[in-house]
Every structure is written in structure tokens, then in C-alpha cells.
Amino acid sequence: MAPGPRHLKAGDSLPPLKPGVLRLYSMKFCPFAERTRLVLHAKGIEHEVININTWEKPTWFVEKNPKKLVPVLEQDDKIVYESLIACQYLEDIYPDKNPLIPKDPYLRAKDAILLDFFGDKVMLPFYGAKNGVDKEKVETLRNGLQHLDEDLQKRGTDFFYGSKPGYLDYMIWPVFARMKAAACFGEGQGIPSSLTALTAWVDRMLQDSSVQSIIHPDSAYIEWGKHYRTENTMFDEIETPN
């Protein structure tokens, strides 16, 4: 798989838009942009990627998203941003391309509730639990993962969506992609082995072609984390397969 395009930064020009072409403004280490990349790949949606240096953003990028964050989708005169909204939008405009969201309103609501739980009880403590220093955050993360494990057991399916990954699986995956690199439960450790349903889910997700299309080796995530939000923040300097 070829590496993605280099990250554009302050002083770089905006590449001309092509009529009718869906464009994703992304950053290869951003977990939120990864959500959108996963959905684009899973649904087989043709698109182009413009990577953004989120430390030294091009001046024109604020016109795409006043929050100055990725991901951003753009097609002709339409712009959509925020990862969950962008992924839902892709499902709405391409409903027949490998559907990823349950059609049943109750099932959709259940998934939305679990995703809200994930944001508060897994994603937030995950970033505070890196390297296991903050024991309270580590314990909060452990409890959050336990809840996901129990939910997956109750579903009785290989993935949260069913027999294949769906919207919910892809929305939570970027945290699990970084779990070993973050060392929340010890150096080189992923999620606790006692979480058997979730451990098996991780193994299955790693075999998914969409996950394989965006994942980086642990060493790349570790190197990125060393320099993130410093003057030495790295983008293209860290080699990755995609």
C-alpha cells in the first residue's frame, strides 16, 4: 500500500477542486479522521485525500472548517465536518453501498447510546491513562472497556454490527488501534486479557480490509506521541505504509 499524500501546511496552496469529486481533508495520525477513512473504504466510496499539517495549518483551511480540525468532507459546494457527523452523512448519501448502520430505529438508538458511553468512559480516560501514570484514569478506562465487553457478549455476534464491522465498530476502533502504543495497562500491553469478547473482537478487526487500509505500526504511533503538540510535531517524517 502506498503512503498517503504529504501534509499541506502554511504557505501551501489549496489544490483545485474537481467537479463532482468527493474530497477528504485528513491527517494520517488523527483518530477522528481515521473514522471517516474507515467508512469511505468500507463503503467503497471513490474520493481523494488532502492531508493537512494540523500544527501549521494552511490559511485557507479555516474556510473549510472554522474549528480548524479534520476530518472535513467537501464535494462541489457542500462541506461537512466532525467525524461522527461526516460518517453518518456518508451513510445517508450512499445508503446502498455496504450499509453500516442498522435500519431498525431501536437498534440505531442502542448503538448511539453505546457510542455516547464510549466517548465519556473510554475515549476520554484513554488519553489520560497513557503509560499507566494516572491510576484513576486507568481504572475508569478498565471499567469502560468491561462495559463494552459485556455489551458485545450480550449481542452474541462477532462485531457490534453483527457478522461484519459496522458504523459503531469503526467509530470506536481508532482507540483500540493505539492501545498497545499508549501502554495504559503496561508497556506493550493491549486491553486486559480478561475481556475475552473484546479481545476476540480486536483480533477480528485487525483482519478487516478497511482497518488494514489505515492502521500504522505501534512504533509509528509511539513516535508520533513523543512529539505531538510540540515544535517538533512530525507528520511526513514518520514513515507509514499508508
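A disulfide here is a pair of cysteine sulfur atoms within 2.5 Å, and this structure has zero of them. Keep in mind that this is a predicted model, where local features need pLDDT of at least 70, side-chain atom pairs count only at pLDDT 80 or more, and totals for chains, interfaces and linings use all residues. Residues are numbered from 1 along each chain as its sequence is written, and side-chain values use heavy atoms, with hydrogens and water left out.

**Cysteines**
- Cys30 is in no disulfide, and the nearest cysteine sulfur, that of Cys87, lies 11 Å away.
- Cys30 is also buried, at 9% relative accessible area (buried means under 20%, exposed over 50%, partly exposed in between, using a 1.4 Å probe and protein chains only).
- Cys184 is in no disulfide either; its nearest cysteine sulfur belongs to Cys30, 18 Å away.
- Cys184 is buried too, with a relative accessible area of 3%.

**The annotated stretch**
- An unreviewed UniProt entry lists residues 20-98 as "domain: GST N-terminal"; such annotations may be inferred rather than shown by experiment.
- Over residues 20-98 the chain is 29% helix and 20% strand, and the end C-alpha atoms sit 21 Å apart.

**Two helices side by side**
- Helix H1 (residues 31-42) packs against helix H2 (residues 83-93) at about 10°, with axes 9 Å apart.
- That angle makes H1 roughly parallel to H2 (angles under 35 degrees count as roughly parallel).
- The contact residues divide into seven nonpolar, two polar and one charged.

Technical notes:
Helix = DSSP H or I, 4+ residues; strand = E, 2+ residues; numbered from the N terminus. Axes fitted to C-alpha atoms, helices over the stretch in contact; angles between N-to-C directions. Parallel < 35°, antiparallel > 145°, perpendicular 65-115°, else oblique. Nonpolar A, V, L, I, M, F, W, Y, C, P; charged D, E, K, R; others polar.
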